[in-house]
Amino acid sequence: MDDMTSSSRAGWITGITVTVVLFILPIFLGQLGKTGEYWIWVCTEMIIMALFAMSLNLILGFGGMVSFGHAAFFGVGAYTVALLMKKADFPLYLALAAAPLVAAIAAAIVGWFCVRLLGLYFSILTLAFGQLLYMIVFQWYTFTGGDDGLHGVPRPEILGPVNYYWLCLILFVICFLIIRMIVNSSFGLSIKTIRENMERAKFIGINVRRYQLLNFIIAGAFAGLAGGMLCELNRFAQTEFLHWSKSAEPILASLVGGMYSLAGPAIGSSVLIFLKIFLQQVHRSMVEVWAIVLGVLLLVVVLFAPQGLVGLYQNIFKKSQS
Amino acid sequence: MSEAILSIENLSKSFEGNQVFNNISFLVEPGELSAIIGPNGAGKTTLFNLITGALVPDEGKIIFEGRNIVGMEPFDIVRLGMARAFQRTNIFPRMTVLENIVITIITRLKGNLGFVKHWNSSDRIRKKAFEILESVGLADKASHQSGTLAHGNQKRLDIGVALALEPKLLLLDEPVAGMSPEERWETVELVKELWNRMKITMVYIEHDMDIVFGISQKVRVLCYKTLLAEGPPHEISANQQVIEAYLGEEV
């Protein structure tokens with residue numbers, strides 16, 4: 001019991017430290033002129049994509065199901081914000097509140113079908129639904145702008161780059177705490193129980209499909225919020241947000257960061273984005289070798305650190321203690 | 001005669017044309033500790049799968065406490081008060097021993113939709129969980145990852161999970177399979193003690209005839225797609241049909 005409280009205290013200290021550093025980070029970056037402004041933008045994107053990765057990990061790491069269609073809900077959130085703000089003159093805070101709700105409804109419809117299937121079949125169906133939504137957005141030119149996307153999403157004047165960064169950080173911290181609460185709750189334990197042994201879960205009286213669907217909807221809602229936040233950052237929504245390749249990003253992030261930990265996917269996502277941009281900054285031609293770098297990185301992780309960066313850290317930490 | 005807790009009526013099942021059961025019927029009395037025996041492939045586990053809803057019979061009824069449960073989902077049947085422990089250890093390996101028991105209690109109490117409180121925040125549930133771990137001898141291993149336990153302990157945990165459902169009827173599929181001789185008798189003593197103390201109706205499948213004839217009040221023999229014989233141990237061990245079909249010369 002003592003061990004548990006001390007490790008949770010360490011978690012709180014780490015969390016608060018990281019949050020404080022992230023809060024004051026833009027003040028320093030602001031001193032660096034144009035480069036600083038660029039990095040504030042990058043950091044905002046990192047925070048948003050970290051939330052996206054964490055949302056997927058509710059299904060992937062905690063639920064034990066691989067969804068190849070998670071970007072659909074990310075995209076639905078982005079288009080919700082773009083459409084509400086551009087066409088219905090919604091204020092940002094209402095549009096950002098609507099994004100997870102609309103995404104949750106989409107996830108409820110898609111999930112209702114998908115949780116009926118297991119393993120690879122579940123994955124393929126999520127992929128199919130994701131691409132279906134992608135095609136709808138792509139083709140419905142009058143409503144979604146087709147492959148042009150929706151540009152010129154308004155930005156409230158008080159939200160300069162730094163203020164928007166802080167808004168995203170606050171939303172991220174709130175979502176992190178909510179996800180943490182869900183994962184540690186009775187519901188979270190039920191989801192882990194289903195992951196560990198679905199057949200046995202039925203025989204202790206768990207209605208497996210119902211909890212898988214609920215989890216799918218919750219994950220979709222957080223993805224929708226992340227999508228809405230990215231839409232406002234870029235001030236546009238585009239079809240690429242729903243594309244299956246966007247679904248792969250949080251999966252890779254979870255693999256690299258460690259899918260059996262809470263913060264792992266967020267860390268993995270940030271590391272990948274940082275590496276990609278860093279390589280770009282080193283030399284423009286490095287953009288072309290990014291796929292190779294990513295491939296090698298994944299190979300190393302899968303072979304030598306299957307629990308991801310968080311698992312690696314824990315192993316080293318444990319060894320140094322004993 | 002008291003009302004049967006479980007009544008199997010004219011049950012038939014076949015897989016792709018191969019008949020496993022042809023018209024089986026029997027009654028399980030409340031409070032009995034009984035064994036099901038039979039040669040490999042006689043369909044003992046299939047029978048448990050039919051009773052617990054994992055499989056649906058082709059024909060026949062399964063009446064549990066006066067209610068036909070054919071076609072119900074396994075998790076609904078569990079909620080009526082029927083639990084099972086499995087032949088192959090069937091636990092939640094990357095969860096602690098305590099988590100295995102607590103989630104079962106939470107599910108019995110319909111608490112799965114709690115989103116706010118930590119799963120381990122209820123003193124009442126934790127106390128109950130430790131009572132169960134105490135009774136299966138695993139209290140000192142509560143914080144161990146259950147998948148790392150020794151085989152015998154995993155089987156005890158499996159039984160503990162079933163007990164946490166506070167069942168009226170408990171089905172045990174070869175509770176001592178794969179155990180060392182000492183572990184076997186320890187587990188048999190455990191099962192018998194639980195049965196004495198908790199007054200749960202227990203039906204178990206077992207191959208070890210010393211155990212079967214040692215502790216059962218009643219033995220049922222599955223063979224030739226049907227219930228070959230049913231009765232107290234001394235009758236079964238003297239039954240000419242059973243000896244020819246299954247027990248062989250040595251008994």
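Analyst: Helices are DSSP runs of H or I with at least four residues, numbered from the N terminus.

The model is predicted: local features need pLDDT of at least 70, side-chain atom pairs count only at pLDDT 80 or more, and totals for chains, interfaces and linings use all residues. Residues are numbered from 1 along each chain as its sequence is written, while chains are lettered from A and ligands numbered from 1 in the order in which they are written.

Beyond its neighbours within four places in sequence, A:Phe222 is in contact (C-beta atoms, placed from the backbone, within 7 Å) with A:Leu51, A:Met54, A:Ser55, A:Pro100, A:Cys175 and A:Ile179.

A:Val81 and A:Ala103 also take part in a helix pair. Helix α3 (residues 71-87) of chain A and helix α4 (residues 92-114) of chain A pack at about 140 degrees, with their axes 8 Å apart. Axes are lines fitted to C-alpha atoms over the stretch in contact, and angles run from 0 to 180 degrees between N-to-C directions. α3(A) and α4(A) are therefore oblique to each other; angles under 35 degrees count as roughly parallel, over 145 as roughly antiparallel, 65 to 115 as roughly perpendicular and the rest as oblique. The residues of this contact divide into 17 nonpolar, two polar and no charged. Ala, Val, Leu, Ile, Met, Phe, Trp, Tyr, Cys and Pro count as nonpolar, Asp, Glu, Lys and Arg as charged, and the others, Gly among them, as polar.

In chain B, helix α3 (residues 97-108) packs on helix α5 (residues 151-164) at about 20 degrees, with axes 8 Å apart, which makes α3(B) roughly parallel to α5(B). B:Ile101 is one of the α3(B) residues in this contact, and B:Leu157 and B:Val161 are among those of α5(B). By class, the contact of α3(B) with α5(B) has six nonpolar, three polar and one charged.

Terms used:
Two residues are in contact if their C-beta atoms, placed from the backbone, lie within 7 Å. Helices (H or I, at least four residues) and strands (E, at least two) are DSSP runs, numbered from the N terminus.
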